[in-house]
Amino acid sequence: MSIFFVTAAGTEVGKTVVASVLCHQVRALGKRVRAVKPLITDFDKDCPEGTDTALLLEAQGLEVTPETIADISPWRFRAPLSPDMAARRENRTVDFEALIDYCAGQQRGDADVLLIEGIGGVMVPLTENLTVTDWIAVLDVPAILVTGSYLGSLSHGLTAAEAIRTKGVSVAAVVVSESPENPVPLEETVDTLRRFLRPIPVLALPRLDAGADAWRDAPDLTKALMPVF
Ligand SMILES: Nc1ncnc2c1ncn2[C@@H]1O[C@H](COP(=O)(O)OP(=O)(O)OP(=O)(O)O)[C@@H](O)[C@H]1O
Ligand SMILES: [Mg+2]
């Protein structure tokens, strides 16, 4: 099984888009994929449409039901805040050990590829003293680092890469998911990141149209990530 933790330089840069594209591309290769979003905030149980959980289920060809939602996103919080803050609003906490156990359990499944989408950026607090980076480091799985191409994204992307590598996390690839507004052509951002991150593969994901079939326009992300494919 190939396992990747999909993390990012910040929130809203494209983790779910990248994970969804990968789900479709892996399935198109005839392989089994499982994608989970263990922790989700800003989640309204009466209105799951369009959430990361729903999008990942759809990309796996699964129905969005209370059972499938609970299966891939066991920790759901209402407030649109970092997990520790959102949990506190509900007088709850994020049980880090249970989170690790859940992810370890996924690794024993029968998929060919397992994608674990994190939450927010690499240094988002999960508990009093642990961040997403600690989560990836304890799982000891390679990361796919998603970054944008907006003005300022170079520093955000390189800082995020440095932060996770300092904790011993290996970066399988960086994906630059094109931002709505770009100061330079996407390839220029990609080339700059390549220069600083060599030999890590840096892949470009141009803006995709909305719609269920948009992934078909995406470049193949599987080759760089899963050379055995
Ligand atoms: N390459 C792209 N093409 C088109 N839209 C994109 C692209 N990358 C990101 N977006 C859009 O930007 C928004 C944020 O992307 P996405 O939800 O994938 O980010 P995220 O990192 O998963 O965010 P979160 O931190 O909330 O999980 C979404 O509306 C998404 O459709
Ligand atoms: Mg997301």
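Reader: Before we start, what should I know about the model and its numbering?

Author: It is a predicted model, in which local features need pLDDT of at least 70 and side-chain atom pairs count only at pLDDT 80 or more, while totals for chains, interfaces and linings use all residues. Residues are numbered from 1 along each chain as its sequence is written, and chains are lettered from A and ligands numbered from 1 in the order in which they are written.

Reader: Let's begin inside. Which residues have the most contacts in the largest nonpolar core?

Author: The general idea is that in soluble globular proteins, nonpolar side chains tend to be buried together. A nonpolar core is a set of buried Ala, Val, Leu, Ile, Met, Phe, Trp, Tyr and Cys residues joined through C-beta atoms within 7 Å. Buried means 20 or more other C-beta atoms within 10 Å of the residue's own, exposed means 12 or fewer, and partly exposed lies in between, with C-beta atoms placed from the backbone. Here the largest core has 64 residues, and Val6, Val18, Leu115, Ile144 and Val175 have the most contacts inside it. Helix α1 (residues 15–28) gives the largest share of this core, seven residues. Helices (H or I, at least four residues) and strands (E, at least two) are DSSP runs, numbered from the N terminus.

Reader: What does Val6 touch?

Author: Contact means that two C-beta atoms, placed from the backbone, lie within 7 Å. Leaving out residues up to four places away in sequence, the partners of Val6 include Val18, Leu115, Ile116 and Ile144. Ile116 sits in strand β5 and counts as buried, with 26 C-beta neighbours inside 10 Å.

Reader: At what angle do α1 and α2 pack?

Author: Axes are lines fitted to C-alpha atoms, for helices over the stretch in contact, and angles run from 0 to 180 degrees between N-to-C directions. For α1 and helix α2 (residues 52–59) the angle is about 15°, with the axes 8 Å apart. Thr16, Ala19, Ser20, Cys23 and His24 of α1 meet Asp52, Leu55, Leu56 and Ala59 of α2.

Reader: Is α2 enclosed or open, and what covers its buried residues?

Author: Seven of the eight residues of α2 are buried, so this helix is largely enclosed by the rest of the structure. The buried ones are Asp52, Thr53, Ala54, Leu55, Leu56, Leu57 and Ala59. Their cover includes α1, β2 (33–36), β3 (39–40), α3 (66–72) and β5 (113–117). Just after α2, Gly61 has a positive phi of about 75°.

Reader: Which residues other than glycine take a positive phi?

Author: Asn91 is one, with phi near 55°, in the loop between α4 (83–89) and α5 (96–107). Asn91 is exposed, having 6 other C-beta atoms within 10 Å. Asp140 is another, at about 60°, in the loop between α6 (132–139) and β6 (143–147). Asp140 also counts as exposed, with 11 C-beta neighbours inside 10 Å.

Reader: And where is a cis peptide bond found?

Author: Look at Arg198 and Pro199, which a cis peptide bond joins, with omega about 10°. Pro199 lies in the loop between α8 (186–197) and β8 (202–205).
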